Structure formats: C-alpha cells, structure tokens
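Colleague: Before I set up any calculations, could you walk me through how to read a few features of this model, with the general idea and then the case at hand?

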Amino acid sequence: MSNDNEVLLDKGNQNDSKMKVERKEGEPTPVFKGASWAALLVGVTAYLIGLYNATMQLNEKGYYFAVLVFGLYSAVSLQKAVRDKDEGIPVTNIYYGISWFALIVSIALMAIGLYNAGSIVLSEKGFYGMAFVLSLFAAITVQKNVRDAQRARERD
C-alpha cells in the first residue's frame, strides 16, 4: 500500500516540476496573461458596444472613441516609461512628463465629457467610466505581461 502512495506522490512531483519547466522565471502565469487579455477585451468591447448603441450624435461618439484610444495609448506609454526608468533604461524627463500629462489629460477629458453630457443618464455615465478605467488598467497589465515574458525569454 505504501508503494502505491509513493508512486502517486512521485507522479505529483513530476507534474509539479513539469509545470515549473514550462514557465520561465519572471514570466507571468498563463492564467494571469489570459485574465489580463480578457479584461482588456471585455472593457474595450463593452465600451464600444455602449458607444454603438448610444443615442448620442456621431461627433459625441467620436469624442468618446478618441478619448478611449488616447487613454489606452497614454497608459501603456506611461507604464513603459516608468518601468524603463525603474530598470535603469534611459528615459528623458520630457517623455516621462508627457506620458504622465497625457494620461491625466485623457482621464480628465473622460470625466469632463461625462460630467457635461446631458443626453447620457447617470447609469450610462457610470458604465462608460468603469469600462474606461477597466480598459486602461488592463492595457497596462497586458503591456507588463508582454514585457515580463519577453525578458524571461531573453534570460535563457
């Protein structure tokens, strides 16, 4: 009986070591990568579906679309600049400052746009705000995961 238990334990250890071999040190887990991509897709898709179904004028839809794209780009750019600076990769102060400024402006544009939107009910404003924040956070996380995976591959 004890031999059967030892064999089962050995198989368990083999599976554990097999998992550790597949993932390189410092690389995010597949589940975390998948969750990050899912959050990005859910946030952006929900935001865009909301815009598509909205009764606002086309120029308003364009404004909210542009703010989303600007926010996503500025969030990823800031994350890269902060990470580069932390890792000792040269980042000019002007780029670092512009990255912060762009993210703050995109968030401010979203907040001001929603505050002044008379044609949007409060629940829709909350929906757009939450989809926007989810999309920004997920874009930062996806970019971090891509960079961590690349760095882990370069180590080997």
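Modeller: Let us begin with a polar contact, which is a pair of N or O atoms within 3.5 Å. In this predicted model, the side chains of Arg-147 and Glu-87 are joined by such a contact, at 3.0 Å.

Colleague: In which helix is Arg-147 found, and which residues does Arg-147 touch, leaving aside those up to four places away in sequence?

Modeller: Arg-147 is found in helix α5, which covers residues 122-155, and with those sequence neighbours set aside, Arg-147 touches Lys-80, Arg-83, Asp-84, Glu-87 and Ile-89.

Colleague: Is Arg-147 buried or exposed?

Modeller: A residue is called buried when its relative accessible area is under 20%. Arg-147 has a relative accessible area of 12% and is therefore buried. Across the protein chain of 156 residues, buried residues make up 33%.

Colleague: Which residues make the nonpolar surface patch, and which helix gives the most to that patch?

Modeller: Tyr-73, Ile-94, Tyr-95 and Ile-98 make this patch of about 470 Å², and helix α4, residues 93-116, gives the most to the patch, with three residues. Ile-94, which lies in helix α4, counts as exposed because its relative accessibility is 62%, where the cut-off for exposed is over 50%.

Colleague: How many helices and strands does the protein chain have, and what share of its contacts between residues at least 6 apart in sequence joins residues at least 24 apart?

Modeller: The protein chain has five helices and zero strands, and of those contacts, 74% join residues at least 24 apart.

Note on methods
Residues numbered from 1 in each chain as written. Predicted model: local features only at pLDDT ≥ 70, side-chain atom pairs only at ≥ 80, totals over all residues. Heavy atoms only, no water. Patch = residues over 30% accessible without salt bridge, like charges linked within 9 Å, V, L, I, M, F, W, Y side chains within 5 Å. Areas by Shrake-Rupley, 256 points an atom, 1.4 Å probe, with all protein chains shown as cover. Salt bridge = Lys/Arg side-chain N within 4 Å of Asp/Glu carboxyl O. Helix = DSSP H or I, 4+ residues; strand = E, 2+ residues; numbered from the N terminus. Buried < 20%, exposed > 50% of the residue type's maximum accessible area, 1.4 Å probe, protein only. Contact = heavy atoms within 4.5 Å. Polar contact = N/O pair within 3.5 Å; in protein donor to acceptor, adjacent residues only side chain to side chain.
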